[in-house]
Amino acid sequence: MSEIAEKVKQIIVDKLGVEEADVTPEASFTNDLGADSLDTVELIMEFEKEFNTSIPDDKAESITTVGHAIAYLEDNVN
Amino acid sequence: MKARRVVITGIGAITPLGNSVEEYWNNLEKGVSGAAPITKFDASKFKTQFACEVKGFEAADYINRKELRKMDLVSQYGVAVAKQALDDSNLDLESVDRERFGVIWGSGIGGLKSLQDEVSSFAQGDGTPRFNPFFIPKMIPDLIPGHISMTWGLKGPNFTTVSACASATNAMVDAFNYIRFGISDLFVTGGSEAAVCEAGIGGFNALRALSTRNDSPSSASRPFDATRDGFVLGEGAGAFIFEEYEHAKARGAKIYAEVIGGGMTADAYHMTAPHPEGEGSSRVMAEAMKDAGIKPEDVDYINVHGTSTPLGDIGEVNAIKKVFGEYAYEVSISSTKSMTGHLLGAAGAVEALACLMSIERGVIPPTINFETPDENLDSKLDCTFNEAKKREVNIALSNTFGFGGHNFSVIFKKVTD
């Protein structure tokens, strides 16, 4: 697993209070990990802070699973 | 319309003297001070470097981790103390009508630490707004009863009273009225405050409201002593289940006391200074007693606001003398802020718990740290200095006054029928 993927998983475990084993690439923040819309906004902000990047709103809206987040960040973070 | 009776059937405490009612009452009785050097932040550059902090509070014992991080400490105290009171009440939430079960909560400030942290992190950045989506809900004080309602599905009236240091008494008087006039049957009420942070200490220091006795924190809160130099900031929470009397009786609930009267007045005088003759504070005690249908001679114990500020203590004593006349020398008086510090919006809650202790245990908690009589205060008053005193208490009155000139009194009575 990439370093980015590790960090993303850690942030999700920490913020959503879920078990690490549940944070699979297919897991949806809202359907599988119990996040509401505010939790999702907070996750995106945490990713921005951790990876020192800015995720535009239209991109943020399409990040709905763990896999989406990892893929987006791997593509956009050096 | 005949007003219904209101009784207290559950209590909870998270205080600088302990995180349960039992521990809190025991330490009140022993005359323990909750003050110590501040541990929550580096206070070395502050004029005041001590406070009455809550010790050993584990929010995770009460609230799951996911919810926890969305709450400022002021809400964590609120939910935790509400859980204590609900557990204590033995109410079966599945069988009570939760649409007639509300939450009225007092908090003078709300999530001050969350406000401080979010705004300073913005100020230290490059101007890009990165506010946490939970910033506003963590800060606003009405989210405390909001969280309590969501945790237990309580769907009756739900709001926060904000009247500075009188907030919790304000909440209790409101809850009392809502039940007695038939709007609801049950309330979680009380208050919480968590302002021991840089902004809290710095802000009150700027008002010159805090004691600066840094060399001796435990003797700094000294109401009525000639050398008092301001209040000691406290934090924590107190909670009560207020229940309609017949409802409580029908389910065989333990009843701590009956709430028999409440008063509310305003000084209309000054932002932060109390009226020197205790104009509003004398009227509020008189109003509460009139509401309760009792005479001054019926009151056994007054838990005073008594913050240990030079002006406030004199105004309140003058008010007591004005309202109670000669009987002022016979009623037991004490300021438990000498031990707990000043919990601001939660003060009325923990002080009402001290009143219930006097009724339950027949013990008046002391006003500790008294050494030097103040010539401006009548030495014939019985302020229960330094040691708790045994006294059968049938009726206890609690005063709280807040910046802005808000005055509240609430009266509790032992239930014998």
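1. A salt bridge is taken here as a side-chain nitrogen of Lys or Arg lying within 4 Å of a carboxyl oxygen of Asp or Glu. In this model, which is predicted, the side chains of A:E42 and B:R69 meet in such a bridge, with 2.4 Å from N to O.

2. Across the interface of chain B and chain A, five salt bridges are found by that rule, and seven residue pairs, both at pLDDT 80 or more, are in polar contact between the two chains. On the side of chain B that touches chain A, the residues divide by class into three nonpolar, one polar and five charged.

3. As for the extent of the interface, nine residues of chain B are in contact with 15 residues of chain A, and the two chains bury about 1,000 Å² between them, 47% of it on carbon and sulfur atoms. Within chain B, the residues that lose the most area to chain A are B:K66, B:R69 and B:R130, which together account for 48% of what that side buries.

4. Turning to the annotated site, UniProt lists B:C165 under "active site" in an unreviewed entry. In chain B, B:C165 is placed in the loop between β5 (158-161) and α7 (167-180).

5. Is B:C165 buried or exposed? B:C165 counts as buried because its relative accessibility is 8%, and buried means under 20%. Leaving aside residues up to four places away in sequence, B:C165 touches B:H305, B:H342, B:L344, B:G345, B:A347, B:T400, B:F401 and B:G402.

Definitions and conventions. Residues are numbered from 1 along each chain as its sequence is written. Chains are lettered from A and ligands numbered from 1 in the order in which they are written. This is a predicted model: local features need pLDDT of at least 70, side-chain atom pairs count only at pLDDT 80 or more; totals for chains, interfaces and linings use all residues. Side-chain values use heavy atoms; hydrogens and water are left out. UniProt positions are given in the numbering used here, feature names are shortened, and annotations may be inferred rather than shown by experiment. Helices (H or I, at least four residues) and strands (E, at least two) are DSSP runs, numbered from the N terminus. Buried means under 20% relative accessible area, exposed over 50%, partly exposed in between (1.4 Å probe, protein chains only). Contact means heavy atoms within 4.5 Å. Buried area is the accessible area (1.4 Å probe) that two parts lose on being put together, summed over both. A polar contact is a pair of N or O atoms within 3.5 Å; within protein, one must be able to donate a hydrogen and the other to accept it, and residues adjacent in sequence count only if both atoms are side-chain atoms. Ala, Val, Leu, Ile, Met, Phe, Trp, Tyr, Cys and Pro count as nonpolar, Asp, Glu, Lys and Arg as charged, and the others, Gly among them, as polar.
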